[in-house]
Amino acid sequence: MFFPKELLDNIVYYKVITILTGAGISAESGISTFRDKGGLWDKYRPEDLACQSAFDADPLLVWSWYQYRRDTIARARPNPGHLALVKWEALARDFTLITQNVDGLHRAAGCRRIVELHGNIRINRCQVCGQESNMEETPFDGQVPICSCGGMFRPGVVWFGAMLPENALRVAFQAAEHCDLFITVGTSAVVYPAAALPEVALSRGIPVIEINPEMTPFSKSATHYIQGPAGTVLPELVAVYEKAHGLSSPTDPNS
Ligand code: OAD
């Protein structure tokens with residue numbers, strides 16, 4: 001794998017790492033992305049399934065679609081990309097993983113400091129009282145699960161047109177503003193506010209690496225665009241990081 005010389009020269013100085021992941025990192029675990037050919041938004045319309053008005057119009061249809069996604073996710077296992085980030089978390093002085101994914105695979109892999117910007121598909125949330133439960137406690141079994149208050153549970157994900165969780169958003173922007181290196185991986189970089197995070201890092205003079213097999217609207221702005229799948233690029237990049245930090249000199253100005 002080719003890594004730019006400037007990145008290799010400087011990697012020893014990067015100790016506070018912030019990562020933003022999107023659906024692409026889970027593609028190699030067998031979970032569909034949204035906007036690739038054959039992806040979820042190629043087959044379905046988000047306005048029919050992933051917004052409040054769709055749920056209000058037909059909660060059973062929306063639940064059936066989320067249950068289908070839950071079933072796929074339940075069969076999926078973390079891939080080498082997820083596992084490389086667990087290793088990176090252990091190596092870095094400070095590490096924040098921000099994800100737009102709702103599949104829980106970063107947690108299953110073993111990452112600890114995770115900011116879930118778009119919620120988690122395993123959670124149910126009552127749309128009347130806000131009570132949360134997990135999908136084992138209140139499963140979807142062909143009927144919309146009902147909360148003890150009588151309200152309907154809905155999947156605990158962020159829908160189009162809805163606000164992101166306030167705390168997650170605050171932590172994410174802080175982590176983008178205060179890091180030595182920002183990495184965006186497996187995201188098409190078109191859904192805001194997540195897509196603003198690498199831009200915020202760049203505006204602070206922080207180098208941003210983008211890892212993606214395809215170029216995105218952000219690629220030309222990235223400090224380094226590394227073309228390739230997360231499951232190949234991330235393990236190699238983490239190996240480079242580990243080697244550099246294993247050999248880091250005591251005269252390092254940032255240590
Ligand atoms: P997208 O489907 O928009 O983009 C997935 C990206 O992953 C694309 O740029 C692919 O080129 C890239 N990709 C595919 N395979 C990859 C691999 N093996 N390694 C690395 N990258 C790969 O997914 P997101 O950017 O995550 O929101 O989408 C953002 C949000 O839009 C989602 O969280 C979801 C969606 O609508 C909501 O549902 C609210």
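**Notebook: second largest pocket**

I began with the make-up of the lining of the second largest pocket: its residues divide into 8 nonpolar, 3 polar and 4 charged. I note that the model is predicted.

I read a volume of about 220 Å³ for the second largest pocket. I found 15 residues lining this pocket, and those closest to its centre are Gly 119, Arg 125, Glu 132, Gly 156 and Pro 165.

Which domains give residues to the lining? I found that domain 1 (5-31 + 78-118 + 164-245) and domain 2 (40-75 + 123-157) both do, so the second largest pocket lies between them.

I looked for strands that supply at least two lining residues each, and noted E4 (119-126) and E6 (153-157). The most comes from E4, with 4 residues of the lining.

Entry 4, E4 with E6. I then checked how these strands pair: E4 and E6 run antiparallel and are joined by 4 bridges. In this pairing I noted Cys 126, which stands opposite Phe 153 in E6.

Entry 5, E4 with E5. I also looked up strand E5 (residues 132-134), which pairs with E4 in the antiparallel sense over 3 bridges. Ile 123 has Asn 134 in E5 as its bridge partner. What do E4 and E5 form? I recorded a hairpin, with 5 residues between the two strands. In the turn, I read a positive phi of about 85° for Gly 130.

Key
Residues numbered from 1 in each chain as written. Predicted model: local features only at pLDDT ≥ 70, side-chain atom pairs only at ≥ 80, totals over all residues. Heavy atoms only, no water. 1 Å grid on protein atoms, 1.4 Å probe; cavity = no way out; pocket = protein on both sides within 12 Å on 5 of 7 lines; lining within 4 Å. Points joined across faces, edges and corners; volume = space filled by probe spheres on them. Nonpolar A, V, L, I, M, F, W, Y, C, P; charged D, E, K, R; others polar. Domains from an automatic or database assignment. Pairing = 2+ DSSP bridges.
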